[in-house]
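The entries follow in the order I took them.

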2 protein chains.
Amino acid sequence: MENKFLAYLKEIALLSEAGGLAEWDAQTGMPEEAAEYRAELSSYLAGQAFDKATNQTMIDFLTYFKNHPEELSEFGHSVFEKVKEEYDLNAKIPAEKYQKFSRLTSVAHSKWLEARKQKDYKLFKEVLEEIIAFEKEFIPLWRKDEATPYDVLLNQYEPGMTTAKLDLVFEQVKLGIIEIRKELAEKGTPPRTDFLKRYVPIPQQRKFVTQVASDLNYDFKRGRLDDTVHPFMLDLNRKDARITTRWDVNDFSMAALGVIHESGHGIYEQNISEKYDYTPLAGGVSMGIHESQSLFHEIIIGGSENFWSREFPVLQRLTGDVFEDIDLTTFYNGLKKTESSLIRVEADSLTYPLHIIIRYEIEKMIFNDNLDLNELPRIWNDKYEEYLGIRPENDLEGILQDVHWSGGSFGYFPSYALGYMYAAQLYHAMNQDIDVEEILASTDYRPITNWLTKNIHQFGSSKKPNQLIRDATGEELNPQYLIDYMRSLYFKVYGI
Amino acid sequence: MENKFLAYLKEIALLSEAGGLAEWDAQTGMPEEAAEYRAELSSYLAGQAFDKATNQTMIDFLTYFKNHPEELSEFGHSVFEKVKEEYDLNAKIPAEKYQKFSRLTSVAHSKWLEARKQKDYKLFKEVLEEIIAFEKEFIPLWRKDEATPYDVLLNQYEPGMTTAKLDLVFEQVKLGIIEIRKELAEKGTPPRTDFLKRYVPIPQQRKFVTQVASDLNYDFKRGRLDDTVHPFMLDLNRKDARITTRWDVNDFSMAALGVIHESGHGIYEQNISEKYDYTPLAGGVSMGIHESQSLFHEIIIGGSENFWSREFPVLQRLTGDVFEDIDLTTFYNGLKKTESSLIRVEADSLTYPLHIIIRYEIEKMIFNDNLDLNELPRIWNDKYEEYLGIRPENDLEGILQDVHWSGGSFGYFPSYALGYMYAAQLYHAMNQDIDVEEILASTDYRPITNWLTKNIHQFGSSKKPNQLIRDATGEELNPQYLIDYMRSLYFKVYGI
């Protein structure tokens, strides 16, 4: 019976894989006029996978193993638990309701685009209200024992995370960053950054980022790099985890750090144990843990002077005389300049968590305090002024900048900050076992990849995020590691 | 009920489309280590499509409409007929038997590769014998009213074609070509060809072939060009018909004529009427008709001096001074040089049909006369000597050169020659309506594309090949058009 169950799950996994390929192709090079036909294909594949995940056959399997748990192996049991969890999430919303919601989000996406064009939140407000109303209807259906409505949403992206915990953690991070920023402003010397805008042709950038991703042990025999408008990693299976990037000839660091980031996601998928293949335990466990891997690569590794002591000469060699007059420290310090900014995706690694905390606080107000949506832009702008000292001049550089809410993805934002805190905590734990900076100064980063594989990657979704972090680092999420890391890094860059 | 039937067929079509995308991706850029996972995906998708095409639901539909034909619209009826035809082909072989055969062909492919390496047919003979034994078992199951066993195979690629007909046609073509070759040898002057080997970098070739394909009205908004070892066209749907090519820096004509060929396949698919979408009537009707479109473009258009009067200057402009000293006629005559050769895929457009006729005669002997397979290489070599005046020195340049037999594709080869004869016949018919050469000398080839769409493309698989040719040209297949075409073209090139 277990084998039948696994074979059934494999069908779902294969349908999702086909859907993933259709999605990757649509983003990377599908002929432009094929979009409508592709929508038919994608929706058929998704529908088939969803149907198999919720139909009577699935219900029969779940009922059977609930009554005969002794027939499951240990492996089968952990698969069963995960399947049941996903089933509960999927099946509790009536299909008809869910379809209405899907249609609404696709309308909302257009409205969001239109509102951006007009830089006017009012054009988006009404549909946002409808989306929130749907979510508020769904929350009681999903709710198990979560303390507040927003906890329910949070849990979908980071199982086990709570607002009680996050409130404390984010407060600590916020105060830590504000304190660091104060000291940098009073005593620090901002680094030179002009050379970062020097012209680097895309073929040279491509060679460089491909080299760097390979050095980081992103395996191009089990992945590939393509160009897209929005960068992403998409894994079809553990031997096919593809990444994408965009390019700016006047800002090589965009593609360089972007590719390092996506490589981190890809390396995670490439190193999940084979035994989870074709089950819901294959694939990264949560958004937060996935971001911990991408941000470990982008920020911790990509923010290490030792790393650049190896890679900057490669960049210099590949770009002729472009960076001939720039020494390593000038280069590195320039990369790490910090400055208040209005747009989250352009933020540096010191101010970034503040952008997330603002969103977290607002989302919590929406779901736990029934915030009046007319107030959103004002609250948003006030918070930017309070935390970052700058105020958006219009809704496009404020409340309308992120796509997430138009898709109903509330509770997603904290993952970015969680990932960053996990990354710093993993960096600390890793340093107990190996000398990370020494390795980054060497020509072989495998000890780092191996450490991450041993402690994180291999487990796929078989451990919950908090368990994974506890096992890997010996303690619960602790934001102090991030604060210490940022303090020491930025004080050095700013010559304090 | 008809709508339910069509919805069911749409599922089969979508599964095939997903399989097509997986195949395209596997050929064009899938990470190399992902092959095994991809095999799982492709085989699942193919299995699902095959299951739906032969399961009880399908049988119920077929039975229902057999008993209630009055419930089918005219459109539904023609779909039903095609589905029934495919069902009969698929369902008459027991599934278990067919799986054995599939496994055998995959073994055979490896044996064929190994035999090629050793240039030794004996290493391939045994498995070839097994494949033929399977086919001989299948033939009685497939057979309806075909006159000979080989007719059954022929019909699978070119419905309605018979050996009785082909014997006459091929005899006429063979004698025609032999006669032309004799006259060229006696009275002609072979053109100069040295410049065809001049170095042209791939980016320049890519620009050129992309321009030419666009000029021919291959629509890049509904297609794309990629690099593969073996060129092909693969259509996911009428708005997504993709082509591929390979490149040789010392033979630009390989990619140029190859892309023109694949464009011809792609243009066919891009112009099939929308009304056949997601039914088995979408897509080209037969191998022979498909080749008629690719060869019309590659040989008729790509063999027209008027065409090159427009396109050769483009090539000259894109390649700097490479062809500066070559005039149009020298260029064109060089392209059209004819010469005996041992390898079919490298043959020129005069000798090509002889390669096909040799294979046809041998396949017929295998299935209708129970040829001793030990005799194959000798017979092959004798025929090359007799028809082309050259004899293979080993099995690699003889009997082992084609992949088809290792996959059990007997009856396929004649399609290539049929396509060529159809192309010449269509050229003749087209000239009754429009001045083809005048159009090729102009900057707008649309009248040619439109003529082909009106007479061939739009119908998809809704007309049988012979009906299509009859309606388009006013008569049955008539090889004389090809012979006349070749005679006049080659006499001009050889200055007779």
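Which residues does UniProt list for "binding site"? I noted that the model is a predicted one. The record, an unreviewed entry, lists His261(A), His265(A) and Glu291(A).

**Entry: His261(A)**

I looked up His261(A) and found the residue in helix α10 of chain A, residues 252–270. Is His261(A) buried or exposed? His261(A) has a relative accessible area of 11%. Buried means under 20%, so His261(A) is buried. I listed its contacts, leaving out residues up to four places away in sequence. They are Glu291(A), Ser294(A), Leu295(A) and Glu298(A). Glu291(A) is itself on the UniProt list for "binding site".

**Entry: His265(A)**

His265(A) is found in helix α10 of chain A. I read a relative accessibility of 9% for His265(A), so this residue counts as buried. Which residues does His265(A) touch, not counting residues up to four places away in sequence? I found Met233(A), His290(A), Glu291(A) and Ser294(A). Glu291(A) and Ser294(A) are among the contacts of His261(A).

**Entry: Glu262(A)**

Where does UniProt place the feature "active site"? The record, again an unreviewed entry, puts this feature at Glu262(A). I located Glu262(A) in helix α10 of chain A. Its relative accessible area is 8%, so Glu262(A) is buried. I then went through its contacts, not counting residues up to four places away in sequence. Glu262(A) touches Pro231(A), Phe232(A), Met233(A), Ile243(A) and Thr244(A).

**Entry: backbone angles**

I turned to phi next. Most residues other than glycine have a negative phi. I looked up two residues with a positive value. Phi of Tyr278(A) is near 60°. Tyr278(A) is in the loop between α10 and α11 of chain A, where α11 covers 287–301. Its relative accessibility is 15%, so Tyr278(A) counts as buried.

My other case is in chain B. Asn370(B) has a positive phi of about 50°, although it is not a glycine. I found Asn370(B) in the loop between α14 (352–368) and α15 (376–388) of chain B. Is Asn370(B) buried or exposed? At 55% relative accessibility, Asn370(B) counts as exposed.

**Entry: Leu318(A)**

I placed Leu318(A) in helix α12 of chain A, residues 305–318. At 22% relative accessibility, Leu318(A) counts as partly exposed. Next I checked a pair that is 113 residues apart along the chain, Leu318(A) and Gln205(A). Their C-alpha atoms are separated by 8.3 Å. Which residues is Leu318(A) in contact with, leaving aside neighbours within four places in sequence? I noted Gln204(A), Lys207(A) and Phe208(A).

**Entry: α2(A) against α4(A)**

I moved on to helix packing. Two packed helices are described by the angle between their axes and the distance between the axes. Helix α2 of chain A covers residues 35–54, and helix α4 of chain A covers residues 74–91. Their axes come within 9 Å and cross at roughly 110°. That makes α2(A) roughly perpendicular to α4(A). I recorded the crossing as left-handed. From α2(A), the contact takes Phe50(A), Ala53(A) and Thr54(A). From α4(A), it takes Tyr87(A), Asn90(A) and Ala91(A). By class I have 4 nonpolar residues, 2 polar and no charged ones.

**Entry: α1(A) against α4(A)**

How does helix α1 of chain A, residues 2–28, pack with α4(A)? I read an angle of about 45°, with the axes 11 Å apart. The two helices are therefore oblique to each other. The crossing of α1(A) and α4(A) is left-handed. On the α1(A) side I listed Glu2(A), Phe5(A), Leu6(A) and Leu9(A). They meet Phe75(A), Gly76(A), Val79(A), Phe80(A) and Val83(A) in α4(A). By class, this contact has 7 nonpolar, 1 polar and 1 charged residues.

Note on methods. Residues are numbered from 1 along each chain as its sequence is written. Chains are lettered from A and ligands numbered from 1 in the order in which they are written. This is a predicted model: local features need pLDDT of at least 70, side-chain atom pairs count only at pLDDT 80 or more; totals for chains, interfaces and linings use all residues. Side-chain values use heavy atoms; hydrogens and water are left out. Axes are lines fitted to C-alpha atoms, for helices over the stretch in contact, and angles run from 0 to 180 degrees between N-to-C directions. Helices (H or I, at least four residues) and strands (E, at least two) are DSSP runs, numbered from the N terminus. Angles under 35 degrees count as roughly parallel, over 145 as roughly antiparallel, 65 to 115 as roughly perpendicular and the rest as oblique. A crossing is left-handed if the near helix is turned anticlockwise from the far one by less than a right angle, and right-handed if clockwise. Contact means heavy atoms within 4.5 Å. Ala, Val, Leu, Ile, Met, Phe, Trp, Tyr, Cys and Pro count as nonpolar, Asp, Glu, Lys and Arg as charged, and the others, Gly among them, as polar. UniProt positions are given in the numbering used here, feature names are shortened, and annotations may be inferred rather than shown by experiment. Buried means under 20% relative accessible area, exposed over 50%, partly exposed in between (1.4 Å probe, protein chains only).
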